[in-house]
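Dear colleague,

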Amino acid sequence: MVRVAAFLQVYNESSNGHLARCLNNCAQWADEIFIYDECSTDDSAEVYQQYTDNVIFGETRDFTNELFHKQRLLEFAQRS
């Protein structure tokens, strides 16, 4: 069986509306959504927790390490 997953790296995207629009779109085509939160300080968590519990919370804000974070999301998804 093929699963389609959306991987998102997030930092403070709720106030501008991008996060809700992105998640609404992903929910239409993805079987599961996986999120790596880059230590958001806004209410991003409240928004994405309406769509998924598959969340990794980063310990520091390090958006330059995106490939490492996506690898962690892939490993997390494979265990789900």
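**Nonpolar cores and salt bridges**

The largest nonpolar core consists of 12 residues, namely A6, L8, V10, L19, L23, C26, A30, I33, I35, V47, Y48 and V55, where a nonpolar core is a set of buried Ala, Val, Leu, Ile, Met, Phe, Trp, Tyr and Cys residues joined through side-chain atoms within 4.5 Å, and buried means under 20% relative accessible area, exposed over 50% and partly exposed in between (1.4 Å probe, protein chains only). At least two residues of this core come from each of β1, α1 (18-29), β2 and α2 (44-48); helices (H or I, at least four residues) and strands (E, at least two) are DSSP runs, numbered from the N terminus. A second, separate core has six residues, among them F34, L73, F76 and A77.

Please note that this is a predicted model, in which local features need pLDDT of at least 70 and side-chain atom pairs count only at pLDDT 80 or more, while totals for chains, interfaces and linings use all residues. Residues are numbered from 1 along each chain as its sequence is written, and side-chain values use heavy atoms, with hydrogens and water left out.

There are two salt bridges, each being a side-chain nitrogen of Lys or Arg within 4 Å of a carboxyl oxygen of Asp or Glu. One joins R3 and E32 (3.0 Å, N to O), and this pair links distant parts of the chain, 29 residues apart. The other joins K70 and E66 (2.9 Å, N to O), which both lie in helix α3 (residues 66-79), four residues apart.

Best wishes
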